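Dear colleague,

Please find below the sequence and structure that I am handing over to you. A short account of the findings follows.

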Amino acid sequence: MPGAETSALELPDYVRRLPSGLYRSLSPLTKLTIAAAEAVVAFGVRGWTGPLVVLACVLASAAVASVLRRIVPFALAALPLVASILLVNTFLYPNAHDEIGRFGPLAPTWTGATAALQATLRVVSFGLSAAVFALTTPTNDLLVDLERRGLGRRGSYVVGSALEAVPRTVGRAREVAEAQRARGLDTQGSIRRRIGGILPVVGPVVFGALSEVEQRTMALEARGFTAPGPRTQLRALPDSRLQKLSRWTLLGLSLAAAAISVTGAVTVP
Amino acid sequence: MTAPTIEFDGVSFTYPDETRALDGVTRRIEPGQTVAIVGQNGSGKSTLVKHLNGLLRPSEGRVLLDGADIAEVHVAKLAGRVGLAFQDPDRQLFAGRVSAEMAFGPRNLGMRGAELAGHVRAALEAVGLAAEAESHPYDLGYSRRKLLAIASVLAMGTPILILDEPTTGQDSRGVAAVRAVVAGAAAEGRTVIAVSHDMRFAAECFSRILVMRDGRVVLDGPPEVVFGEASWPELRATYLEPPLPAVVGARLGLGDTPTEASLVAALAPARVAPRAVTDARTPRNG
Amino acid sequence: MIGATYRYSRTGRPVLRDVDLTIEPGRVLGVAGANDAGKTTLCLVASGMAPAVVGGRLEGSVSIDGVDAAGLAPYELAQRCGLLLQNASTQLTHTTATVFEEVAFGPCNLGLAAGEVVERVWWALRAVGIEGLAPRDPAKLSGGQGQLVALAAVLALRPKYLILDEPTTELDPAGTALVADALVRTARETGAGILLVEHKTEVLARIADQMVLLDGGSVVLAGPTADVLSDPRLPDLGVEPPVRVRLERDLRAASIELSPALREALA
């Protein structure tokens with residue numbers, strides 16, 4: 001067995017997995033803080049500055065972490081929401097009278113359009129910020145970090161399995177839908193038919209999820225999950241005083257910026 | 001009942017995650033044939049049968065029923081001609097009573113009243129669950145829930161019946177019920193197709209066996225041929241073992257004996273010492 | 001396990017009646033029976049999961065190496081008696097990125113020193129024979145491989161006994177052979193006592209030393225595997241005898257003599 005002698009008591013590299021790159025090697029908590037700060041600024045600071053600054057930061061961090069191309073699908077996924085925001089606000093903004101033109105009963109306004117674009121920018125920058133976080137932080141790393149800081153093993157497991165439960169439930173729902181369609185369930189017919197088709201799909205998914213709970217609980221117990229005392233952490237996640245300082249500073253600044261903007265003490269475009 | 005002819009014409013299928021599950025499969029299944037499809041997990045067995053009721057559409061090639069391409073036909077419509085019972089019964093059970101669960105399929109096909117009740121009753125009897133019509137499906141054990149799932153598809157009266165791993169996890173009573181279902185359906189003239197890991201079930205209940213590997217059909221023929229000595233290299237390359245009777249029959253030079261019955265029959269007239277074949281072949285199945 | 005009678009608290013009806021059995025270290029004890037004979041419940045009771053985790057009422061006692069299971073917490077039970085269920089996927093945590101970390105999950109839960117954790121992981125992987133799988137993603141393994149990982153994961157807690165409930169039912173023939181071989185290897189390398197519930201009597205014939213047959217919650221047959229599997233009552237009890245037994249019976253019924261050549265061919 002190659003390397004068995006040397007790795008007898010050493011952690012293999014593929015477990016140690018130290019991430020490389022300036023952005024990625026930040027501690028997960030730092031990345032989470034950055035995302036939270038970006039969210040606060042995007043929605044808290046009035047005007048164009050807030051969302052634009054956030055967008056710039058997001059794109060910069062995406063570039064550093066080399067995920068620029070991978071966040072494009074997330075931006076595209078936001079298109080329907082963006083379109084509806086634009087339409088609703090441009091055409092139906094209350095108390096706006098600076099019309100762009102008249103198309104029959106519809107009167108789009110510049111105020112409305114402006115508001116629409118700003119709202120779009122907020123949503124998109126927040127979404128991309130979340131996307132960058134998700135793409136650069138393996139879930140397990142985040143959970144390990146949180147657990148080290150006191151989240152507790154049950155807490156981290158709950159979060160972890162909740163996150164993992166989503167694709168699993170979707171997968172199961174698809175299997176159930178397949179089985180029922182093979183029995184003639186019409187997933188394309190009239191509304192009444194489709195409503196009638198909810199129980200045959202939801203029922204087995206729920207039943208399956210419930211019965212799985214007991215099995216999973218036993219499987220966890222069989223692995224000593226409820227043993228007392230702290231869990232051994234195999235992977236060391238790097239953190240530094242500088243990062244810790246930056247986290248508090250960032251959070252403080254972003255909250256302050258939002259507060260200032262909301263109270264109108266200082267206005268920015 | 002005359003079942004439709006099934007044709008796969010150069011069917012290939014690639015899943016969204018790039019796995020190529022089927023590779024140019026071309027086969028024809030005549031009306032009323034009983035076919036067992038065997039192979040390791042990942043060989044494409046389930047993928048192939050899901051093309052028959054439209055759950056999957058070929059990436060290349062065509063699937064034809066009675067010469068007509070079914071690419072544009074709805075799954076819900078194909079369900080009236082092709083019944084598919086899945087391996088995991090808990091995927092589909094949702095009603096509070098066995099009778100309600102059984103009625104779901106036939107009702108979707110437009111059956112009502114006496115016709116519906118008749119089909120349901122006949123199917124329950126075919127699997128031996130007639131006494132459980134008013135029970136709650138989850139009060140039945142796993143074996144009987146599996147039989148219920150099969151019965152619920154049987155009740156739809158489709159000319160083509162497909163069973164996905166019907167004997168896995170079944171005790172001997174359950175297996176006997178499944179065999180009875182296959183025999184009964186075949187007697188009615190239905191085409192019966194089963195995907196299975198169970199070589200004995202395949203050899204004893206089906207007239208034709210398709211062995212699949214890596215998305216292709218590597219062996220195709222009656223059990224005597226597919227489990228006969230000439231096919232063993234191919235079988236073993238698929239990590240499948242021929243049934244023990246076939247191995248014994250070959251060792252003793254008795255020809256192709258894929259089933260226990262055929263081995264016994266081959267031995268019966270030849271009560272003289274059979275010629276022992278002295279090569280080092282050892283049966284590897286437990 | 002002595003005189004265990006067990007009821008699920010909900011139905012009040014005993015699922016196991018007066019079951020006596022002993023698992024010996026280094027040996028494999030096979031359990032067969034019809035689907036509702038109580039085999040899974042037997043696994044839960046023998047491992048202490050019932051009543052500790054699942055509830056229900058137990059009369060009689062389960063003791064593991066002289067210690068009463070009733071007095072042990074689930075995590076202590078897990079270190080004495082490992083439990084492996086049918087569905088490999090349900091037993092994996094789905095929160096680990098590599099098989100190594102998946103197997104390390106148990107020892108990490110116990111708070112062992114990192115060095116000890118690593119040592120145990122390699123030991124478990126070696127015992128099952130899957131060192132090569134260590135860097136792989138657990139979510140991308142085949143069913144058989146997943147079961148082997150689950151086996152190693154339970155072994156990493158170093159239990160003296162292993163209880164497996166139909167581990168090969170959902171596997172294809174290749175996966176079944178993989179798991180069966182791994183069990184033999186594990187028993188040999190670790191000296192663990194194994195309780196194996198199976199439908200596939202061929203597997204039991206191959207790896208079980210002793211066997212027990214359950215029907216309606218009671219033990220109706222017990223003894224060396226060969227004896228139990230050739231008992232004529234098997235089909236009535238919902239268990240399919242292995243193919244060799246059936247063949248010998250059919251040949252005897254057709255009055256065909258079992259010549260030496262035939263015997264050799266059957267062996």
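In helix α5 of chain C, which spans residues 99-109, the buried residues include C:Val99, C:Phe100, C:Val103 and C:Phe105. After α5(C) comes C:Gly111, which has a positive phi, near 75°.

Please bear in mind that this is a predicted model. Its scores are ipTM 0.82 and pTM 0.80. For chain C the average pLDDT is 84, and 93% of the residues score at least 70.

Strand β7 of chain C (residues 81-84) is covered on both faces. C:Cys81 and C:Leu83 are buried on one side, while C:Gly82 and C:Leu84 are buried on the other. In a regular strand, side chains alternate between the two faces of the sheet. Strand β8 of chain C (residues 161-165) pairs with β7(C) in the parallel sense, over four bridges. Within β8(C), C:Leu162 stands opposite C:Gly82.

Finally, chain C meets chain B: 32 residues of chain C are in contact with 33 residues of chain B. On the chain C side, two or more residues each come from α8 (173-190), α9 (201-207), α11 (243-253) and α12 (260-266). The largest share, six residues, belongs to α11(C). By type, this side of chain C has 16 nonpolar, seven polar and nine charged residues.

Yours sincerely

Terms used: Residues numbered from 1 in each chain as written. Chains lettered and ligands numbered in written order. Predicted model: local features only at pLDDT ≥ 70, side-chain atom pairs only at ≥ 80, totals over all residues. Buried ≥ 20, exposed ≤ 12 C-beta atoms within 10 Å, placed from the backbone. Pairing = 2+ DSSP bridges. Contact = placed C-beta atoms within 7 Å. Nonpolar A, V, L, I, M, F, W, Y, C, P; charged D, E, K, R; others polar. pLDDT = per-residue confidence, 0-100.
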